[in-house]
Amino acid sequence: MSTLMSGARMLLECLSKEGVDCMFGYPGGVTLPFYDVLYDHHIRHVLVRHEQNAAFAAEGYTRATGKVGVCCATSGPGATNLITGLVDAMMDSIPIVAITGQVSSKLIGSDAFQEADTFGITRSCTKHNYLVKKLDDLPRVLHEAFYVAASGRPGPVLVDVTKDALQAQGHYQPVTAVHLPGYKVFTEGHTGQIRRAAQLIQESERPLVYSGGGIVAANAARELREFVERIDAPTVNTLMGLGGMPSEHPNFISMPGMHGSYAANMAMTNADLLIALGVRFDDRVTGRLAAFAPHAKVIHVDIDPAEIGKNRAPDVPIVGDVQRVLVRLNKVLAESAGPADEKVSAARRGWWQQIRKWKEEHPLRAVTSDSEIKPQHLMAEIDRLSGGRAIVTSDVGQHQMWAAQLIRFGEPRLWLNSGGLGSMGFGLPAAIGAQFACPDKLVFALVGDGGFQMSIPELATVASYGLPIKIVVMNNGYLGMVRQWQTLFYNNRLSAVALDCFPDAEKLAAAYGFKGRSIDKPWELAAALETAVQEPGPYLLNVKVSPEENVYPMVPAGGAIHEMVLGPPEPVAVPAK
Ligand SMILES: Cc1ncc(C[n+]2csc(CCOP(=O)(O)OP(=O)(O)O)c2C)c(N)n1
């Protein structure tokens, strides 16, 4: 049966059919027909204060749940304001659908008011994009957009709809199936390669599981855990994969890479087999590629064939959904005998001893001080209150790295951060999306004083929806990560990194109608965070930390990952006169 309705109404019917219950956006002239239908529609629209944050909030919603998040913006500046969020979602393989209004089809190309070539501009920052000029195409395109965003390697899809298509009346025919003959996704993995992988695993003396964001995206944490326990291999999670293996699991080492732990990077460097699961051999993980895991054979499982061999040629390439492949690999391993012989078993025991030794020699430890709040102390306190269960979003910079090192995550979809693009200003809007998706969860927006000042307008969104987000600013008075590089590699010539003006947190929060406070004494920290958590509404806690702390370990740019700088240089002894 078909019903006569406007394009705008049809669009909302399609969203409803896709299970959308909440979307993040900002209206404008071209999207007026859409907002008019929204007026009495059951889908909830969250009015953010900048379109970039609509995209970040949609990402936060998706990252916290796995469900496709939706954002919308008007033509021209509304659409161009979405770009950073789209690139962010593209880099981290986050499935969101962005809906933008476009000027009427007859005006396209005439430099009409608020016309921008959204389709052209977003071609390289979306997995796929569409320009809909005819009402008849709208339902098919909408459902395709959701299918493409969520299937295969997930990513953002944009649908640009002209105003006349939104206004036109037509008969709505529900679309029940998506047909995309040219779009094929290989999920199962090659049987022969899976057998070869199992054989390499059994022969390996020093195996290491290197698991990433693909485990989270594929909802493969249970299968990963079964696999790791079955082969009893040490495991690292990348920045995007944190929570994929619970931080408390005995097989979990920690994060590898530029600010990864000593044990994780030494394990990478000395492994004889890397089992790479849903990772992309990102430069922040590998360091100097030529020196990365020099002794290791590589099994690489990824849904995206373009990732296989992009940075490191694997010995066993497996294109498939990492969850499906792990199910099959676990089955093959269950049917076979275990490590090849006693020599291999003995070597494995030695490998575990070595890994434990590396962990003991240079653990990731939260430094504290009696006189000032150390950033690591802040992370330890958030970790204590979270107990591996809270959602923590972060911005980008030093606080992000300390959080990744020191806060535990008991499951996936708790640690939400901008990994690939590294977008400052991500933390607060992502927390908004996550809190809408998970209203009963404790959500910390852990942000730097720089990143926070990029997203301050969203305090209005937090306040107007009464979101109980705990906004914790790690305030070091600097663009900390840039200051760290200037200190270490530019002779401490601090150029344009001092953030010498920061609003009074209590007054700022009060201006929006909620509570806030600044602290700078270490003995205040635990109670102040507890107060924030106990507060039923939003809370802004500005934590003034020691300003010149650097994140260690650190692999200098271009270095091999085992060439870590483990801590600050020892003070030079002054010779006695
Ligand atoms: C939008 C954007 N602009 C610039 C950068 C470059 N950048 C990376 S980290 C950083 C400093 C961040 O400072 P802050 O938010 O205070 O966090 P901190 O490093 O002090 O924890 C900058 C400027 C970025 N990542 N994103």
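User: Does S423 count as buried or exposed, and at what relative accessibility?

Analyst: This is a predicted model, in which local features need pLDDT of at least 70 and side-chain atom pairs count only at pLDDT 80 or more, while totals for chains, interfaces and linings use all residues. Residues are numbered from 1 along each chain as its sequence is written, and side-chain values use heavy atoms, with hydrogens and water left out. Buried means under 20% relative accessible area, exposed over 50% and partly exposed in between, with a 1.4 Å probe and protein chains only. S423 therefore counts as buried, at a relative accessibility of 5%.

User: Where is S423 found, and which residues is S423 in contact with beyond its neighbours within four places in sequence?

Analyst: Helices (H or I, at least four residues) and strands (E, at least two) are DSSP runs numbered from the N terminus, and S423 lies in the loop that runs between strand 16 (415-416) and helix 18 (427-437). With contact taken as heavy atoms within 4.5 Å, and with neighbours within four places in sequence left aside, the partners of S423 are F56, T84, D88, V396 and S418.

User: Why is helix 18 described as largely enclosed by the rest of the structure?

Analyst: The buried residues of helix 18 include G427, L428, P429 and A430, and F436 is also among them. Helix 18 is largely enclosed because its buried residues number 10 of the 11.

User: Which residues does F436 join in a cluster of ring pairs?

Analyst: Rings of Phe, Tyr and Trp (its six-membered ring) pair if their centres lie within 6.5 Å, and planes under 30 degrees apart count as stacked, over 60 as edge-to-face and the rest as tilted. Ring pairs place F436 in a cluster with F24, Y61 and Y465.

User: How many aromatic pairs does the structure hold, and what is the geometry of F34 and Y35?

Analyst: The structure holds 13 aromatic pairs. In the pair of F34 and Y35, the ring centres are 5.5 Å apart and the planes stand at 85 degrees, so this pair is edge-to-face.

User: How many helices and strands does the chain have, and what is its radius of gyration?

Analyst: The chain has 23 helices and 20 strands. The globule rule, 2.2 Å times the number of residues to the power 0.38, is compared with a radius of gyration taken over C-alpha atoms. For 577 residues the rule gives 25 Å, and the chain is as compact as a globular protein of that length because its radius of gyration is close to this, at 25 Å.
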